Amino acid sequence: MKAYISVLAKSFSAIGLLVGILFFAASLTPSLMPRSFLVQGALSGFCAALGYGVGVAAVWLWRYLEIPVPSARGQKAAKWIAVILCIGTAGVFLWKAAEWQNTVRSVMGLGPVESVEPIELAAIALGIFLVVILLARLFKRTFRLFSHWLNRLVPRRVSKVIGGVLAVVLFWSVAQGVLFKVVLRMVDTSFRELDARIDDGSVRPSDPTKPGGPGSVLDWQDLGRQGRAFIASGPTGAQIGSFFNAKALDPVRVYVGLNSAETVDERARLALEELKRDGGFERAALIVIVPTGTGWVDPEGIDTVEYLHHGDIASVAVQYSYLSSWLSLLVEPGYGAEAGQALFREVYRHWTTLPRDSRPKLYLYGLSLGAMNSELSAHLYDIIGDPFQGALWSGPPFQSRIWNSVTASRNPGSPAWLPRFRDGSIIRFTNQNNALDIPGAVWGPLRIVYLQYASDPVTFFDFHALYREPDWMKSPRGPDVSPSLRWIPGVTMLQLLFDMAIATTSPMGYGHVYAPEHYIDGWVAVTAPQNIGPEDVSRLKAFFFERSRSADNPPPSD
């Protein structure tokens with residue numbers, strides 16, 4: 001056993017381990033989200049593996065270029081000096097880790113932590129590091145096997161190139177075919193069946209104007225758990241009227257679940273028929289919603305606009321997946337866009353047949369993956385002759401097409417986390433502090449608002465962070481971003497990747513958890529509700545703030 005351990009230890013590159021320790025230390029610096037020792041340990045393990053790979057590659061390049069190496073005595077002395085420096089650096093960074101994490105927690109209003117549990121953190125990091133190295137060595141053996149076999153047929157250098165390509169194809173095919181396609185599709189099917197069968201305690205409505213009620217074209221059970229929650233949880237006209245001490249209507253909500261019909265087009269047509277049956281086109285405003293990957297519609301985003309319009313509003317959504325947004329992107333990234341396009345096409349086609357002076361004003365809404373797919377639901381050339389009135393998109397993922405284009409073309413001097421675009425007549429951005437009242441800017445007929453937090457890694461993840469500093473990290477920074485955050489090549493991208501996975505663990509109003517009071521500013525700007533004054537807006541913000549932070553109403557998530 002000792003001999004095996006000795007051989008295993010000698011198989012590691014000393015330079016690779018030293019660089020890996022430096023990457024481990026760098027991973028302890030703060031990023032956008034506060035991290036537990038479990039998450040930090042996993043992140044540090046991957047960073048150490050990345051650093052090891054960089055070190056091994058550097059040694060290979062040194063030898064390939066035939067650069068002279070120091071004497072054996074010089075190498076030994078240099079290694080010991082490097083070991084001392086690297087271990088000392090790691091120790092200092094572990095000691096500073098809690099302080100760094102507290103800079104993130106402080107800007108989010110969280111209490112400080114006393115320790116990052118260094119022993120547990122290091123143990124998790126070591127386990128992850130060894131697993132990644134094992135997979136890398138398995139890839140190397142596969143590459144050599146292919147190259148050795150091909151060397152009988154083609155020249156040696158050609159066999160290495162082809163062997164490398166075959167190894168990459170094999171590993172990618174296994175990952176994509178087995179994990180992404182087979183396993184995730186099985187998960188999707190299981191969740192679909194479970195969602196149809198689960199009894200969430202919701203009662204089929206007796207009101208004939210409600211989806212799933214008497215006379216509805218939709219079956220209550222087929223709406224799924226998220227759909228039933230969306231229909232049953234909205235405010236009533238009595239609740240809205242009581243708040244404003246004025247008459248209010250019951251908002252119209254329509255939701256079509258995945259089990260309601262076989263195809264996307266059929267579900268979209270069902271949504272239109274139900275919307276017409278429930279009187280959705282007779283309201284003053286109509287919102288076409290693209291939900292998140294699970295089919296969830298953020299109640300903070302819709303409840304607020306229903307209050308603002310005194311219930312004289314309708315909304316409609318069609319489910320396209322049961323998986324979380326990031327899993328939906330992996331399994332079938334086109335599902336959401338296809339569903340959003342089908343729903344908008346059906347609603348818009350009917351909407352344009354109605355008299356312009358009596359039809360509802362038409363708006364779009366989406367959160368997270370729903371925002372990205374809502375962007376794709378309406379094509380400019382299809383609506384330019386008769387455009388909808390506006391859109392509110394919150395937490396747009398970093399792949400969002402329009403968001404990317406507008407952010408890249410922002411006015412000089414405006415930060416990437418809060419851009420200003422041209423004269424502000426069509427598109428504006430806001431965050432925790434209402435930034436929609438731009439001096440001298442006048443809204444046009446089409447109003448689009450992006451609600452985003454500078455601390456949201458779903459919005460500000462960037463693959464280019466691997467080798468360059470993202471614009472949003474440059475001064476001035478967002479108010480909810482740690483002042484201690486620093487860009488580190490390679491490491492920062494991995495930190496942001498892990499931040500995305502835990503983006504909904506932040507307190508409300510930070511990260512990827514959007515607060516209702518911030519939605520209110522956006523909806524006021526987009527929909528310009530009637531009979532709502534500044535005092536009403538302030539009271540409504542206070543009401544939703546208390547409601548969303550109450551013990552009985554934990555922060556929502558996808």
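## Two loop residues with positive phi

Ser368 sits in the loop that runs between strand 4 (361-367) and helix 13. In this predicted model, its phi is near 60°, a positive value for a residue other than glycine. Is Ser368 buried or exposed? With a relative accessibility of 6%, Ser368 falls under the 20% cut-off, so it counts as buried.

As background, most residues other than glycine have a negative phi, and most peptide bonds are trans.

Pro476 belongs to the loop between helix 16 and helix 17 (491-501).

## The chain as a whole

The chain contains 19 helices and seven strands. Of its 558 residues, 47% count as buried. Among contacts with a separation of 6 or more, 74% are between residues 24 or more positions apart.

## Nonpolar cores

In soluble globular proteins, nonpolar side chains tend to be buried together. Here the largest nonpolar core has 105 residues, and Leu275, Val347, Leu362, Tyr365 and Phe388 are those with the most contacts inside it. Which residues does Val347 touch, leaving aside its neighbours within four places in sequence? They are Leu272, Leu275, Phe281, Leu286, Val288, Val316 and Leu362. There is also a second, separate core of 16 residues, which includes Ala25, Tyr52, Leu121 and Phe129.

## Strand 1 and its partner

Strand 1 (residues 252-256) is mostly covered, with five of its five residues buried. Val252, Val254 and Val256 point one way from the strand, while Arg253 and Tyr255 point the other way. Strand 1 pairs with strand 3 (residues 313-318) in the parallel sense, over five bridges. Within this pairing you can find Arg253 opposite Ser315 of strand 3.

## One face of helix 15

Helix 15 (residues 401-408) has Trp403, Val406 and Thr407 as its buried residues. Viewed down the helix axis, these residues fall within an arc of 100°, so they line one face of helix 15. An α-helix has 3.6 residues a turn, so residues three or four places apart point the same way. The cover over the buried residues of helix 15 includes helix 13 (369-377), strand 6 (427-430), strand 7 (447-451) and helix 16 (457-460).

Conventions. Residues numbered from 1 in each chain as written. Predicted model: local features only at pLDDT ≥ 70, side-chain atom pairs only at ≥ 80, totals over all residues. Heavy atoms only, no water. Helix = DSSP H or I, 4+ residues; strand = E, 2+ residues; numbered from the N terminus. Buried < 20%, exposed > 50% of the residue type's maximum accessible area, 1.4 Å probe, protein only. Contact = heavy atoms within 4.5 Å. Core = buried A, V, L, I, M, F, W, Y, C linked by side-chain atoms within 4.5 Å. Pairing = 2+ DSSP bridges. Arc of directions from axis to C-beta.
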